[in-house]
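Please read the notes below alongside the model. They are set out as numbered points.

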Amino acid sequence: MSTTARVLKYQLRDVLRGRWLIAYAIFFLLLTEALLRFGGTGERALLSLVNVVLFVIPLMSLVFGSIYLYGAREFNELLLSHPVNRRELFGGLYLGLTVPLAAAFAAGVALPFLGRLGSAGGAGALGALLAIGVALTFVFTGIAFLVALRIDDRARGLGAVVLLWLMLAVVYDGLILIAATTLADYPLEKPLLALMLANPLDLARVLLLMSFDAAALMGYTGAVFTRFFGSLAGVAVSGAALLGWIAAPLLLAAHRFSRKDF
Amino acid sequence: MIRLTGIEKAFRGRPVLRGVSLGIRPACVTAVLGPNGSGKTTLLKMLLGMVRPDAGTIEINGHVLTGDGAYRTGIGYMPQAARFPENLTGREIIAMLEDLRGAGSVRDRELLDAFDLEAELDKPVRILSGGNRQKVSAAAAFLFDPWLVILDEPTAGLDPVSSGALKARIRRARAAGKTVILTSHVLSEVEQLADEVVVLLDGTVHWADSLAALRASTRESSLERAVARLMLLQRGAEHAA
């Protein structure tokens, strides 16, 4: 068994016993149940869930991720005094948080849907929502780890992740909207596509709306995106971009962890 | 033998260790003394490969530290602050460390028994008192029968009985030919335990020799006064400069 697996075994036990993880799962469970009870069809409930998932998962992954790594600082010092490889220890820490977080989200959303999804299309959309929610958990926990490893001060690190979330979830779209309206006379499709790929949240939103056949909600740009993301190349590019968003912060954080002074 | 040569280290441009060269004798208890922020913990962490020097080399038993961690198999470490995953029990922490070491490692539970921790080991760490966490941490340092034991303020937060048990364990380790390096602000304790003393002031070594030689050199009978004299001498030198 590798160091990663050994560390993971105990980190999982620790995280699974934490109350906040249970609260996180119950939040998704109650929300989904409420949307299904009062919101009508499964498809409509899923569409409402998209917005919650896009806001809550990144914020919680960033906050839990940074608190977890700051909290583990002294224990990591103890572990590093043993003959363990730093990268393998990092792998155990990362999976020890992302796996329970992703599982709590998936279970919270999927359980209320059991036996309620009539059409096959609904099952596909639910699958897409779960997959993208899990991917966002991996993306933003990696970013949180990177921030927590770069900024030693706990309070400043937490401030930084919340600010980052605000930028990506709120400010970014505002800036794009301003740019799109002021430069409306120019052909903007390609720059806008690039900007979407550069923000994992926008990327996730577009992928979800595509899989829900709700692209019409996005008007003119929706048509551009359907043309791009609907094609095989578009799916490949956007999938690769999302994987890149998982890999890049994670590799940078692992590199930092293996060179950092503890 | 442990040898540090020309060690330099700065954090964010602030020098912490400045040209530290030092040999630590085997089968002895060496106490690293100095005021807060003098670089003691940084020095200990360097021996464990947790902090890398900006310049200089560290050699442990002929092995020059390069980033490979295998040499740490023979080292036990007790950090200054004992913090563990909150929802694990003391028993699980010990089991985790044993798992990380692999099946072939030796288990020395002497200190665990001496601390009489049995009833506490099944409680989650978050409800353990600071002293009991410190005991788990001390027991873990001796768990794998290390030839080198590094203890960062080991008795801070321990009750007198446990502190006595730990000191007895340190003495037995030395008698068995182990090398012990510790830091402490309790100088009476250092006088009871240490053979060798290293005094760090502002990241430079101001003394590295036996306790007896320090007393003779400063003409002070108590360690407290001897260290105070060294610090006064340093201040005098700074004022003159």
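How many bridges join strand β4 (residues 55–60) of chain B to β5(B)?

1. There are 2 bridges between β4 (residues 55–60) and β5 of chain B, and the two strands run antiparallel. One of the pairs is B:Ile60 with B:His63, the latter in β5(B). Strands here are DSSP runs of E of at least two residues, helices are runs of H or I of at least four, and both are numbered from the N terminus. Strands pair if DSSP finds at least two bridges between them.

2. This is a predicted model: local features need pLDDT of at least 70, side-chain atom pairs count only at pLDDT 80 or more, and totals for chains, interfaces and linings use all residues. Residues are numbered from 1 along each chain as its sequence is written, while chains are lettered from A and ligands numbered from 1 in the order in which they are written.

3. β4 and β5 belong to an open sheet of 4 strands in chain B, in the order β2-β1-β4-β5 with antiparallel pairing. Its edge strands, each pairing on one side only, are β2 (14–24) and β5 (63–64).

4. B:Arg3 sits in β1 (residues 2–11) of chain B. Beyond its neighbours within four places in sequence, B:Arg3 is in contact (C-beta atoms, placed from the backbone, within 7 Å) with B:Gly23 and B:Glu59.

5. Chain A has 11 helices and 0 strands. Its radius of gyration (over C-alpha atoms) is 20 Å, close to the 18 Å that the globule rule gives for 262 residues, so chain A is as compact as a globular protein of that length. The rule is 2.2 Å times the number of residues to the power 0.38. Of the 262 residues, 40% count as buried.

6. The largest nonpolar core has 139 residues, and A:Leu129 is among those with the most contacts inside it. Such a core is a set of buried Ala, Val, Leu, Ile, Met, Phe, Trp, Tyr and Cys residues joined through C-beta atoms within 7 Å. Helix α6 (residues 120–150) of chain A gives the largest share of this core, 16 residues.

7. Between the chains, 19 residues of chain A are in contact with 24 residues of chain B. On the chain A side, α1 (3–16) and α4 (73–80) each supply at least two residues.

Conventions:
Contact = placed C-beta atoms within 7 Å. Buried ≥ 20, exposed ≤ 12 C-beta atoms within 10 Å, placed from the backbone.
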